[in-house]
Amino acid sequence: MRDADSFDEFYRDTSARMLRYGYALTGDLAEAQDVVQEAYTRAWRHWRKVTAHPTPEGWLRLTVSRLSTDRWRRLSGWRAAVRRAGPPEPVGPPSEDAVLLTAALRRLPAPMRQAVALHYLFDLPVADIAAELDAPVGTVTSRLSRGRAELAAILAPSSTRKPEVTDVEH
Amino acid sequence: MSNTESDPAVERAFSALSTDAERGLLLSGPELRRQSGNRRNRGMAVTAGTAAVLVAGAIGVGFALAGNNQKTALPPVTSASPTVAPSPSVTLPSSPPTSSPSSTPPSSPPSSTPTTNAPSIPKSIPARALLTKAESRTGELTRQDEARGVPEFCSKAKFPSAGQKGVAASVMLIYRSASAPEGSIPDDVVYDTVTVFRGEGAQDYLTELRRAVQLCPEGKIGDLDAQFDNLGSLGLGDESVLIERSYAALDGEGEPMNNGSRTATYIAAVRVGDAVTLLESQGYENLASDRGEIEKLAKIAAEHLADWR
């Protein structure tokens, strides 16, 4: 079962990171679980194609981001089934800091949120983020810069600045 | 502002989010693959049996905490979750079940009165009447908690024979053909349902299936527009029918490819006396079923039914 072994290894190595990414994009850990499991289900379904991809983890991230931003249309059976059965909720309540960040991230437009999450969670260079988001480097640089400023303003307790960007989805 | 410039507050916030994500529950890799095979795709929910696995998994079998801050965050599969063994609740017992709740129809018509001249309806369907684990060629076979209902066609299709249903049981098998290379992904997901009817219910069921194709040349499988075709008799049992259902092929995202290509799956029904064995192929994920393989399985299923009934 070479395919299964390589998939399992990939899953073990990447799924926790992917869950953090899904959490940052959706702002809800239970939804992130659904999205990430769905993404890996699709990866297994097309495993040979995924392994042939230049960056299999990038393939997963793209799928997670698509599912996160358009999840109600794209999620197929997983969520309905889990919901019906009684969803395995995350263990315990979210931490206060995580709630603050996810609330702040929700106020960023989706492409900006994605760029910031890729930078902070995967430490990707701007050029790699640009390639993954299929956007010019200059655009990504701008999104990162602005996104960080917005987040810093929201997160800083003494800040009096109001973010200009509201919950805009693209 | 340089893109490499770091903001300590944002750094801390993402660190907190990463830590918080450890509360998350993820399936182990083998369990996820298994669920992937079990799942009815095409926008439909998983079966009740699979959902039960998810519940069982949530309390310790299939799920694992998303881990800590190390790179390989999921616990090794050898520590927290079994590698390949599914929940006992979904493994078909090697011996025939006796009178488990799963063997009795959950929706037997409560108002139907027993007919005095009907042959006896067995209490349950034994495992030997259905396709077996060995025949799946993957070892993946799950007895369903409830027997499956009639296949989907369209709203015009009616199945009054359901009122004659005596007892039924279903298994789901992940199937790999004999010609498939070792280690390759499975070829199909197939449900086998054996139903014993009262009176003329079994004959009626076959007639209703053929009639459903006539009434529903086009219908639905989940959210997908499907076409149904009667491919005729399989030459098995007392009577039989093979039905093809096809729909626009799906891409890796589960979306229609819109390039004219189509995917086919099959319904094969064989009647032996007052009993019917019905195979419903799902295709492995978004892949098509192989007609020849379904015909082979139908032949085996018919032999099992004839041997038992």
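Reader: Let me start from the rule that two strands pair when DSSP finds at least two bridges between them. With that settled, which residue takes a positive phi in the hairpin of E9(B) and E10(B)?

Author: That is Gly273(B), with a phi near 65°. The hairpin has two residues between its strands. Please keep in mind that this is a predicted model.

Reader: Why is E9(B) described as largely enclosed?

Author: Because nine of its 11 residues are buried, the rest of the structure largely encloses E9(B).

Reader: You mentioned Val270(B). Which residues is it in contact with, leaving aside those within four places in sequence?

Author: Quite a list! It includes Leu234(B), Leu236(B), Gly237(B) and Ser240(B), then Val276(B) and Thr277(B), and also Ala298(B), Ala301(B), Ala302(B) and Leu305(B).

Reader: Let's talk cores. In the largest nonpolar core, which residues touch the most other members?

Author: Val270(B) turns up again, together with Ala268(B), Ala269(B) and Ala298(B), in a core of 54 residues. Elements of chain B that each supply at least two residues include strands E4, E5 and E9 and helices H5 and H6. The most comes from E4(B), which gives eight residues.

Reader: What lies apart from that core?

Author: Another core does, made of 50 residues, and Leu29(A), Ala32(A), Ala117(A) and Ile154(A) are among them.

Reader: Over to chain A, then. Where is Ala43(A), and is it buried or exposed?

Author: Ala43(A) belongs to helix H2 of chain A, which covers residues 29-45. It counts as buried because it has 26 C-beta neighbours inside 10 Å, and the cut-off for that is 20 or more.

Reader: Which residues does it touch, if we don't count those up to four places away?

Author: Val50(A), Trp59(A) and Leu60(A). Leu60(A) sits 17 residues from Ala43(A) along the chain, and their C-alpha atoms are separated by 7.1 Å.

Reader: Where do I find Asp134(A) and Arg137(B) on the model?

Author: Look for Asp134(A) in the loop between helices H9 (126-133) and H10 (137-155) of chain A. Arg137(B) is in the loop of chain B between helix H4 (133-136) and strand E3 (140-143).

Reader: And how many C-beta neighbours does each of them have within 10 Å?

Author: Asp134(A) has 7, so it counts as exposed. Arg137(B) is partly exposed, since it has 16 other C-beta atoms within that distance.

Reader: Last one! How many helices and strands are there in chain B?

Author: Six helices and 10 strands. Of its 309 residues, 46% count as buried. Among the contacts in chain B with a separation of 6 or more, 70% come from residues 24 or more positions apart.

Terms used:
Residues numbered from 1 in each chain as written. Chains lettered and ligands numbered in written order. Predicted model: local features only at pLDDT ≥ 70, side-chain atom pairs only at ≥ 80, totals over all residues. Helix = DSSP H or I, 4+ residues; strand = E, 2+ residues; numbered from the N terminus. Buried ≥ 20, exposed ≤ 12 C-beta atoms within 10 Å, placed from the backbone. Contact = placed C-beta atoms within 7 Å. Core = buried A, V, L, I, M, F, W, Y, C linked by C-beta atoms within 7 Å.
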